[in-house]
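Biologist: I would like to learn how to read a structure like this one. Could we take it feature by feature?

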Amino acid sequence: TKVLLTGGSGFIAAHILEQLLAKGHHVVTTVRSEAKAAPIRAAYPDKSPEELTIAIVPDIAQPSAFDEVVKIPGIEVVLHTASPFHFKFTELIDPAVLGTTSILSAITRSAPTVRRVVITSSFAAIMDESLITSPTTTFSESSWNPVTLADIHRSPATAELQEPKPQLLNISLNPPLTHLLYRASKTLAEGAAWAFVATHQPKFDLATINPPMVFGPVAHHLESVEGINTSNERLVSLVRGGWKDGVPDTGAAIIWVDVRDVAEAHVKAGLEVAEAGGRRLFTTAGTFSNREMAEIVRRRFPELGDKVPGPEVEGGELPGEGERFKFNNEETTRVLGIRWRGLEESVVDTVKSLLALGA
Ligand code: NDP
């Protein structure tokens, strides 16, 4: 099968690419620049241009971004993973939303062979900020984040951003606002995708993959560990000694999944499981806490003893049963038939890959 995979330079996409090629599928993948293409080509020296094509799509926020690449003949499945995942204010919402609608319209116009499109959405599009500490809330495939663009404009912190000051355009923004913006970008992008399909009734059907925090070994090309993907940042900090004197708060989004399982979910939903069409797939292995991760690293990597916090160092616990949401993703597990990897395996493999990168 010929598959179009957007955002091929990403953390999750690198694993999808590896799995697709290992199964003998032909892949066209998009990246922003030749500099991002070269390491991918170098990682698969034996693949012919027919088996692996790398196309440059510099700016997914352009309405015509995907017009040319979708014309490559014979594409049957599209896996759209490209979307900004960082907490820098600039360029979050537009690439997420316009990147999604532009690829869907390009496929509708010019790619008649496409039968399924899978979009990498997020748990961010499922959760409701105001209910994450509520023990009577159960998030599932049918839950939707109620955030709207109007909420963002109403947020007091946003007022400051109406005329962004240059120094605000970097990471220094206040975290609640940037997290709100990221979650909104994913929610609005996924909402726009389902609305597109409902309105235009295209020939293809749609599935979304909605992972929470993704951990796992690094397969994408990094100049240095400083460029690590957002969700693995906490493990870099841990192995570098950043938690030695206090384990940081886990945060409210206390569920996770391994990157290899997220990649498998894309491959199954796109190519192997007919029943995945029309579904939101809530891929999660369960809860985690920073404390559990620190304990796993302490036990499994004794050589990191001077970096990792001892049992006496406080913090990072999972919130108690009465202070956290519940989740139910049985439907997704049944449809995809994936046995989710456990936290210990994931953390150990992630740390090994970070150490190999020189963390
Ligand atoms: P990465 O940052 O590693 O990958 C993001 C990919 O999107 C990269 O290929 C990046 O290109 C591309 N991209 C970002 N912004 C643009 C843009 N404006 N124009 C073109 N391409 C762009 O993150 P992940 O692999 O973790 O994320 C992949 C997807 O998974 C995203 O949709 C993300 O929202 C979603 N997700 C991730 C979770 C996680 O915990 N990791 C959790 C839930 C969802 P470049 O390399 O050039 O920057």
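Modeller: We will go through the ligand shell, some helices and a few loop residues. Keep in mind that this is a predicted model.

Biologist: Let us begin with the ligand. Which residues come nearest to the ligand?

Modeller: The shell around the ligand holds 26 residues, and Gly 7, Gly 10, Ser 83, Pro 95 and Ser 231 come nearest. By class, the shell has 12 nonpolar, 9 polar and 5 charged residues.

Biologist: Which elements each supply at least two residues of that shell?

Modeller: They are α1 (11-22) and β8 (213-215). Helix α1 gives the most, with 3 residues.

Biologist: Now the helices. Why do the end C-alpha atoms of α3 agree with the span that its 18 residues should have?

Modeller: Helix α3 covers residues 93-110, so it should span 26 Å, and its end C-alpha atoms are 26 Å apart. Its buried residues include Pro 95, Val 97, Thr 100, Ile 103 and Ile 107. Pro 95 is also among the residues that come nearest to the ligand.

Biologist: How many residues does helix α8 have, and how far apart are its end C-alpha atoms?

Modeller: Helix α8 (residues 259-272) has 14 residues and should span 20 Å; its end C-alpha atoms are 19 Å apart, which agrees.

Biologist: Is α8 mostly covered or mostly uncovered?

Modeller: It is mostly covered, as 12 of its 14 residues are buried. The buried ones include charged residues, such as Arg 260, Asp 261, Glu 264 and Lys 268. Others among them are Val 259, Val 262 and His 266.

Biologist: How do I read a pair of packed helices? At what angle do α9 and α11 pack?

Modeller: Look at the angle, the distance between axes, the hand and the residues that meet. Helix α9 (residues 290-300) and helix α11 (residues 343-356) pack at about 65 degrees, with their axes 10 Å apart. Their crossing is right-handed. From α9, Glu 292, Met 293, Ile 296, Val 297 and Arg 300 meet Leu 343, Glu 344, Val 347, Val 348 and Val 351 of α11. That contact has 7 nonpolar, no polar and 3 charged residues.

Biologist: Next, the loops. Is Ala 111 buried or exposed, and why?

Modeller: A residue is buried if 20 or more other C-beta atoms lie within 10 Å of its own. Ala 111 has 24 such neighbours, so it counts as buried. It sits in the loop between α3 and β5 (116-120). Leaving aside its neighbours within four places in sequence, Ala 111 is in contact with Val 70 and Ile 75. Phe 139 is 28 residues from Ala 111 along the chain, and their C-alpha atoms are separated by 35 Å.

Biologist: Where is Val 273 placed?

Modeller: Val 273 lies in the loop between α8 and β10 (280-281). With 18 other C-beta atoms within 10 Å, Val 273 is partly exposed. Beyond four places in sequence, its contacts are Lys 268, Val 335 and Leu 336. Val 335 is 62 residues from Val 273 in sequence, yet their C-alpha atoms are 7.6 Å apart.

Biologist: What is the phi of Gln 201?

Modeller: Gln 201 has a positive phi of about 45 degrees, although it is not a glycine. It is found in the loop between α6 (175-200) and β7 (205-209). Gln 201 is exposed because 8 other C-beta atoms lie within 10 Å, and the cut-off for exposed is 12 or fewer.

Technical notes:
Residues are numbered from 1 along each chain as its sequence is written. This is a predicted model: local features need pLDDT of at least 70, side-chain atom pairs count only at pLDDT 80 or more; totals for chains, interfaces and linings use all residues. A residue is near a molecule or strand if its C-beta atom, placed from the backbone, lies within 6 Å of it. Helices (H or I, at least four residues) and strands (E, at least two) are DSSP runs, numbered from the N terminus. Axes are lines fitted to C-alpha atoms, for helices over the stretch in contact, and angles run from 0 to 180 degrees between N-to-C directions. A crossing is left-handed if the near helix is turned anticlockwise from the far one by less than a right angle, and right-handed if clockwise. Two residues are in contact if their C-beta atoms, placed from the backbone, lie within 7 Å. The expected span of a helix is 1.5 Å times one less than its number of residues.
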